[in-house]
Amino acid sequence: EAIGQMMENNETIVKLGFDCDDAHWRNLIDRALVRNNDSLRRRQQSPSAKELPPAEERTLGHLLLQVPPAWPAAEMVKDGIAHSVFLKYVEQNHKLPTTAQLQ
């Protein structure tokens, strides 16, 4: 009975080397162990933001638009000759230039 009452309040014990002959207390202890194991599994499964690895900077390989833009790209970017060269390249080749081509 004392072990059963202890297990009702304790949320950290996940293993118990104890044989209980009374069915009521055995059921209560088993449910508490299952609850504690589930709680431990959830805590281990979801890492916090502090535990996540640092973000990596990666290059963009592909860009797929789901819906065509409302305005032509030439109307969105009107800042000079560099942008017009970029837009002409994309229009002609249907792909973005590589970093070597941008230099």
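**Entry 1: Arg58 and Glu56**

I then looked at how their side chains meet: Arg58 and Glu56 form a salt bridge, with 3.5 Å between the closest N and O atoms. I keep in mind that this is a predicted model.

**Entry 2: Arg41 and Asp38**

How many salt bridges are there by the rule I used? The count comes to 2. Besides the pair above, I found Arg41 and Asp38, whose side chains meet in a salt bridge at 3.5 Å, N to O. Both residues sit in helix 2, and they are 3 residues apart, about one turn of the helix. Arg41 has a relative accessible area of 41%, so I noted Arg41 as partly exposed. Asp38 is at 26% relative accessibility and therefore also counts as partly exposed.

**Entry 3: a negative patch**

Which residues form the negative surface patch? They are Glu1, Asp19, Asp21 and Asp22. I picked out Asp22 and traced its place in the chain: Asp22 is in the loop between helix 1 (2-9) and helix 2 (23-45). Its relative accessible area is 39%, so Asp22 is partly exposed.

**Entry 4: a nonpolar patch**

I also found a nonpolar patch on the surface, made of Leu60, Leu63, Leu65, Phe86, Leu96 and Leu102. Together these residues have about 630 Å² of accessible area. I looked up Phe86 and found it in helix 4 (residues 81-93).

**Entry 5: the whole chain**

Stepping back, I listed the elements of the protein. There are 5 helices and 0 strands, and from the N terminus on the order reads α-α-α-α-α. I also looked up how much of the protein is buried: buried residues make up 12% of the 103 residues.

**Entry 6: confidence**

The protein has an average pLDDT of 82, and 87% of the residues score at least 70. Where is confidence lowest, and where is it highest? It is lowest in helix 3 (residues 73-76), with a mean of 68, and highest in helix 2, at 90. A reminder to myself: where pLDDT is low, the predicted coordinates should not be read in detail.

Conventions
Residues are numbered from 1 along each chain as its sequence is written. This is a predicted model: local features need pLDDT of at least 70, side-chain atom pairs count only at pLDDT 80 or more; totals for chains, interfaces and linings use all residues. Side-chain values use heavy atoms; hydrogens and water are left out. Patches are made of residues with over 30% relative accessible area and no salt bridge: like charges are joined within 9 Å, nonpolar side chains (Val, Leu, Ile, Met, Phe, Trp, Tyr) within 5 Å. Accessible areas come from the Shrake-Rupley method with a 1.4 Å probe; for residues, only the protein chains shown count as cover. A salt bridge is a side-chain nitrogen of Lys or Arg within 4 Å of a carboxyl oxygen of Asp or Glu. Lys and Arg count as positive and Asp and Glu as negative; His and the chain ends are not counted. The place of a charge is taken as NZ of Lys, CZ of Arg, CG of Asp or CD of Glu. Helices (H or I, at least four residues) and strands (E, at least two) are DSSP runs, numbered from the N terminus. Buried means under 20% relative accessible area, exposed over 50%, partly exposed in between (1.4 Å probe, protein chains only). pLDDT is the predictor's confidence in each residue, from 0 to 100.
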